[in-house]
Amino acid sequence: MDYKYSVKVNWGKTSTDQFIKHEDRMQFHIEGFPGNVWVTEDNIYGERWIARHSAVAKTKSQAQTIVTDIVDAAKDTWDNDDVDGESSAEKITRLGAKPTDITLP
Amino acid sequence: MATFKVTKGTPVAFRDSAYPATYPSPHEGELFYNSSSGAFSFLGVGAGTWASGGALNTAATGTKGFGATIGTSQVNGGAPNLTKTEAYNGTAWTELNNLNSGRYAHAAFGIATAGIVTGGQTDGGTTYHVNTESWNGTSWTEVNNLNEGRFKLAGMGLQGAGLATGGYEGTAYVASNESWNGTSWTEVGDLNDGRTALQGSGIATAALVAGGESPGIVAKTETWNGTAWTEVNDLNDSRYTAGMSGNALNTDTLLFGGFAPGATANTEAFDGTSWTEVANMANARYTATGSGVGNGALASGSDNNGNPAQASEEWNFAHPVKTIDVS
């Protein structure tokens, strides 16, 4: 499957419109990532979604950089959030596991 | 030279508007010509999908909630020590009266006008709540405490009869299961496998828990018959801190998202016997709040790192509409 990459803030839902509709989900693949990065299937329905939202087109490399920067920042935050005397297992129980790298499809 | 004397077209219905795509449609599988749009349309087989919901007023993670339908759901609490309560009407979130005690990773069960929260923790603290609060549709009132303080537990049931199951109490993964009778908590049959960050749905006499950490990420599923837990078929994908349609019966429920490791958007449906993978959420997320039932669920808050977020997603059934523009 071929994809397109874009950036758009998810504004959720209003009384008359939805950022992603059920109909969209049935017509093309769409997946959200950190940094408001959206990966959409490269077909006519995906193109219409990008146009409808005036999403800012990115190359795959540009989109990956946005995602990686955010994940790296989250890793740093996790690394620096320590409590004296806390074991590694206790830290994971408290915070959840350390954020992991994300590779865009 | 070939001839096509016997070839003829198939009649196709004319309409001056599209068929309503509301599920379930009696026109599923029909092809027609829409004379208004000048296009052929096909109403496909209905299926469950996630679509965007309204944005929470306050970005949150570690919240819990309940609600018999998407449009009567609420979320409460959240990390690090939130007392917030918000209600969803199917489009937008409204702030309601706060909890008396801030908490996250607690248990919550009930409906819009009558609910219970219990357990949980204050971020960075060493105290695991035993505190329980009751919701009357307007405000929270402190009621009798849990016997065993813990967080990342599962809560199932209604205000007059519920369960608080599993979790973590500071040193160990909890198997203990407490029953709420509308007034007080009583210890009843333990889980077969103690675990934390599990999810639950159902009622006090017929419940389900799935996933969690014990200490590895598990796919284990157990059902409760009012007396004892029985291990049943595992999730297809192990995970913890998922969301669940907590008001669903244990024969028709949905589990979504979680940490597997790494945040997942994966969604699975349980039919009372086994789990089936269904359509993913648009955004991977863990520690999100789940509410609703198997054919109408809501996932709200938390992002792919378990950090606070405002976005929500709604699970519903719909028919795909495919169009062929002939102009």
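Chain B gives 33 residues to the contact with chain A, and chain A gives 26 residues. Two residues are in contact here if their C-beta atoms, placed from the backbone, lie within 7 Å. On the side of chain B that touches chain A, strand E4 (47-53) and strand E27 (312-318) of chain B are the elements that give two or more residues. E4(B) gives the largest share, five residues. By class, this side of chain B has 15 nonpolar, 17 polar and one charged residues. Nonpolar means Ala, Val, Leu, Ile, Met, Phe, Trp, Tyr, Cys and Pro; charged means Asp, Glu, Lys and Arg; the others, Gly among them, are polar.

The model is predicted: local features need pLDDT of at least 70, side-chain atom pairs count only at pLDDT 80 or more, and totals for chains, interfaces and linings use all residues. Residues are numbered from 1 along each chain as its sequence is written, and chains are lettered from A and ligands numbered from 1 in the order in which they are written.

**The two chains**

Helices (H or I, at least four residues) and strands (E, at least two) are DSSP runs, numbered from the N terminus. A residue is buried if 20 or more other C-beta atoms lie within 10 Å of its own, exposed if 12 or fewer, and partly exposed in between; the C-beta atoms are placed from the backbone.

| Property | Chain A | Chain B |
|---|---|---|
| Helices and strands | four helices, four strands | zero helices, 28 strands |
| C-alpha span along principal axes | about 55 × 35 × 20 Å | about 85 × 40 × 35 Å |
| Buried residues | 29% of 105 residues | 53% of 327 residues |

Along the sequence, chain A reads β-α-β-β-α-β-α-α. Its radius of gyration is 17 Å, whereas a compact globule of 105 residues would have one near 13 Å. That radius is taken over C-alpha atoms, and the globule rule is 2.2 Å times the number of residues to the power 0.38.

In chain A, 67% of the contacts with a separation of 6 or more join residues 24 or more positions apart. In chain B, 50% of the contacts between residues at least 6 apart join residues at least 24 apart.

The largest nonpolar core has 87 residues. Such a core is a set of buried Ala, Val, Leu, Ile, Met, Phe, Trp, Tyr and Cys residues joined through C-beta atoms within 7 Å. B:Ala107, B:Leu254 and B:Leu255 have the most contacts inside it. Leaving out residues up to four places away in sequence, B:Ala107 touches residues including B:Lys64, B:Val117, B:Leu153 and B:Ala164.

An open sheet of four strands runs E13-E14-E15-E16 in chain B, with antiparallel pairing. Two strands pair if DSSP finds at least two bridges between them. Strand E13 (154-158) and strand E16 (185-188) are the edges, each pairing on one side only. E13(B) and strand E14 (residues 161-165) pair over five bridges in the antiparallel sense. B:Leu158 stands opposite B:Ala161 in E14(B).

**B:Tyr173**

B:Tyr173 lies in the loop between E14 and strand E15 (177-180) of chain B. B:Tyr173 counts as buried because it has 22 C-beta neighbours inside 10 Å. Beyond four places in sequence, B:Tyr173 touches B:Tyr168, B:Gly194, B:Arg195, B:Thr196, B:Ser214 and B:Pro215. B:Gly216 is 43 residues away from B:Tyr173 in sequence and 11 Å away in space, C-alpha to C-alpha.
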